[in-house]
Amino acid sequence: MKSELHTAQERGHENHGWLTTYHNFSFATYFNPAREQFGCLRALNDDTLAGGIGFDLHQHSNMEIITIVLNGAIEHADSLGNIQLISEGEIQVMTAGTGIYHTEFNHSETESAQFLQLWIFPRDKGLKPRYDQISFDDRAKPGKLVKLVTPDIKQQDEALWIHQDAFISVINLSEATNYCYQVSQMGNGVFVFVLGGEISIQEKNLGKRDAIAVTDTASIEIWANGFSRVLFIEVPLK
């Protein structure tokens, strides 16, 4: 098993006033040649939007875009005709494919909203754009791994799906408990991201928003030093 620690303090950071964002990988004005991507995971952005503000109409293409709302709610509208509210504990998937235009705004006029946005390269270019979302918070019981995203519609298991051999899951761990994550597909790497709390992996301690990139293993042993919420982003490395 090989691993590389990504501390929260190492992330790229931008504060635009209306938007505060942290980047695990090179993005926008943040460039780190050692942190361009992790396999097919191109971006992991930790965004906080001020009340009553958001992203005006913009375009994406040839990317699987996953949005996980951590606090508040995001108003979404796109060129496919979708008008949706994505609330805390919900996840959204967009296949940008041949091209999709959308807007993202904070639903509240006064309170900030916080969300993660992941970009994953698809297997193929030129795919038909699509949209989907689900709620997962009601399934997040302590010690139970909740699948958020799987590779295709046949493997959904109450999860969304994307055009890539990638798996995204979340787990809540009680204090002084352990969990063994099993890699779903041989050869995949796992980017373990701590949403909250404190965990240990291979004698490395990780706190809130720390991450560790793990490769060359079939399983990952995790110890929770306190109540913790952990996100697993498993992706092909090539």
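Q: How many aromatic pairs does the rule give?
A: In this predicted model, the count comes to six aromatic pairs.

Q: What makes Trp 18 and Phe 55 an aromatic pair, and why is the pair called edge-to-face?
A: The ring centres of Trp 18 and Phe 55 are 5.3 Å apart, and rings pair if their centres lie within 6.5 Å. The angle between the planes is 75 degrees; because planes over 60 degrees apart count as edge-to-face, the term applies to Trp 18 and Phe 55.

Q: Why is the pair of Trp 18 and Phe 55 said to tie together parts that are apart in sequence?
A: Trp 18 belongs to the loop between strand 2 (12–15) and strand 3 (19–23), whereas Phe 55 belongs to strand 5 (residues 54–60), so the pair ties together parts that are 37 residues apart in sequence.

Q: Why does Trp 18 count as partly exposed?
A: The relative accessibility of Trp 18 is 32%. Buried requires under 20% and exposed over 50%, with partly exposed in between, so Trp 18 counts as partly exposed.

Q: What makes the pair of Phe 27 and Trp 119 edge-to-face?
A: The ring centres of Phe 27 and Trp 119 lie 5.0 Å apart, with the planes at 75 degrees. Centres within 6.5 Å make a pair, and planes over 60 degrees apart make it edge-to-face, so Phe 27 and Trp 119 form an edge-to-face pair.

Q: Which parts does the pair of Phe 27 and Trp 119 tie together?
A: Phe 27 is in the loop between strand 3 and strand 4 (41–49), and Trp 119 is in strand 11 (residues 113–120), so the parts tied together are 92 residues apart in sequence.

Q: How do you know whether Phe 27 and Trp 119 are buried or exposed?
A: The relative accessible area is 18% for Phe 27 and 17% for Trp 119. Buried means under 20%, so Phe 27 is buried, and so is Trp 119.

Q: What makes the charged end of Arg 130 count as sitting over the ring of Trp 161?
A: The charged end of Arg 130 is 3.8 Å from the centre of the Trp 161 ring. The distance limit is 6 Å, and the charge must also be within 35 degrees of the ring normal; the charged end of Arg 130 is assigned as sitting over the ring.

Q: What is the volume of the largest pocket, and which residues are closest to its centre?
A: The largest pocket has a volume of about 230 Å³. Of its 17 lining residues, Phe 27, Asn 45, Asp 47, Phe 55 and Gln 117 are the closest to the centre. By class, the lining of this pocket has six nonpolar, eight polar and three charged residues.

Q: Which residues and elements line the second largest pocket?
A: The second largest pocket holds about 150 Å³ of space. It is lined by 15 residues, of which Val 69, Leu 70, Phe 136, Leu 195 and Arg 229 are the closest to its centre. Strand 6 (64–71), strand 17 (189–196) and strand 22 (228–235) each give two or more residues to the lining.

Q: Why is Ala 28 called exposed?
A: Ala 28 is placed in the loop between strand 3 and strand 4. Its relative accessible area is 65%, and exposed means over 50%, so Ala 28 is exposed. The phi of Ala 28 is near 55 degrees, a positive value in a residue other than glycine.

Methods. Residues are numbered from 1 along each chain as its sequence is written. This is a predicted model: local features need pLDDT of at least 70, side-chain atom pairs count only at pLDDT 80 or more; totals for chains, interfaces and linings use all residues. Side-chain values use heavy atoms; hydrogens and water are left out. Rings of Phe, Tyr and Trp (its six-membered ring) pair if their centres lie within 6.5 Å; planes under 30 degrees apart count as stacked, over 60 as edge-to-face and the rest as tilted. Helices (H or I, at least four residues) and strands (E, at least two) are DSSP runs, numbered from the N terminus. Buried means under 20% relative accessible area, exposed over 50%, partly exposed in between (1.4 Å probe, protein chains only). On a 1 Å grid over the protein atoms alone, a cavity is a set of points where a 1.4 Å probe fits but cannot get out, and a pocket is an open set with protein on both sides within 12 Å along at least five of seven lines; lining residues have an atom within 4 Å of a point. Grid points are joined across faces, edges and corners, and a volume is the space filled by probe spheres set on the points. Ala, Val, Leu, Ile, Met, Phe, Trp, Tyr, Cys and Pro count as nonpolar, Asp, Glu, Lys and Arg as charged, and the others, Gly among them, as polar.
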